[in-house]
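Colleague: Please take a close look at the aromatic pairs in this model.

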Amino acid sequence: MELLVSLVVLALVDSTSVGTLVLPLWFLLAPGRVRVGRVLLFLGTVAGFYLALGVALQLGAGALLDPVGDALESPAGRIAQLVVGVVLVVLGLTIEPWTAAGKERKRAARAARGPGRLARLRDGARGDGPRRAVVLLAVTAAGIEAASMVPYLAAIALLTASGLGPLASLAVLTGYCLVMVLPALVLLGVRTALGDRLSPALGRLEGWMSRNSGETLAWVLFLLGLYVAGGAFPLT
């Protein structure tokens, strides 16, 4: 139960990323009748990408778990773990500007650069283009976020250390990926039922998520760094 609660919390953190919530909100904000099939195709591709990547990572983590665990029990290993934790804390404190002036400078720099590749792919996928544009957008978004998927890596580490069998691990990992896209699915159902009446609220949510997605990652890095550093020298 402790493992499942930890995984659900990590999955809900992952559910607030660009690929799992911000981009689906862009689809839902399209005027008129929502294209349910495109949203489901996008979310299914993102979940499938994460599941395949998670299986690959877990297989690799399983092979490395014992030697890495033995290394971390040594004094040098504990120092290395402490260094990694401190680095994560520093990244959490510096990866995003925390002052109002810093946030304003970042918004101005983003506006000066103009729409990026992800925004251009989004516009093509949300229109009348081929469905492969939706798949390309989903894979691109998931691939970009793979470099910063700290909660997912933590979930893989917990799942690998749990000692579950291959089928049980696959089932739990599948459930993790479903929880990741669950908030977007709920919003899809509400948007389909209420139509354009929900658009103002979705617009505000999308704007807030776009502005604060970086801060969410910063908090995750900071808290994970504290956890890793604290585990380097356990009290017992």
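Modeller: What follows goes through the aromatic pairs and then a proline beside one of them. This is a predicted model, in which local features need pLDDT of at least 70 and side-chain atom pairs count only at pLDDT 80 or more, while totals for chains, interfaces and linings use all residues. Residues are numbered from 1 along each chain as its sequence is written, and side-chain values use heavy atoms, with hydrogens and water left out.

Rings of Phe, Tyr and Trp (its six-membered ring) pair if their centres lie within 6.5 Å; planes under 30 degrees apart count as stacked, over 60 as edge-to-face and the rest as tilted. By this rule there are four aromatic pairs. One of them, Phe27 with Phe42, is tilted, at 5.4 Å centre to centre and 50° between the planes. Phe27 belongs to helix α2 (residues 18–28) and Phe42 to helix α3 (residues 36–72), so the pair ties together parts 15 residues apart in sequence. Helices here are DSSP runs (H or I, at least four residues), numbered from the N terminus. Both Phe27 and Phe42 are buried, where buried means under 20% relative accessible area, exposed over 50% and partly exposed in between (1.4 Å probe, protein chains only).

The ring centres of Phe49 and Tyr50 are 6.3 Å apart with planes at 75°, so this pair is edge-to-face. Phe49 is partly exposed at 26% relative accessibility, whereas Tyr50 is buried at 2%. Phe49 and Tyr50 form one aromatic cluster with Tyr152 and Tyr176.

Pro24 is also in helix α2 and is buried, with a relative accessible area of 2%. Leaving aside neighbours within four places in sequence, Pro24 is in contact (heavy atoms within 4.5 Å) with residues including Phe42, Leu43 and Ala184. Pro24 and Phe42 are 18 residues apart in sequence and 7.8 Å apart in space, C-alpha to C-alpha.

Terms used: Helix = DSSP H or I, 4+ residues; strand = E, 2+ residues; numbered from the N terminus.
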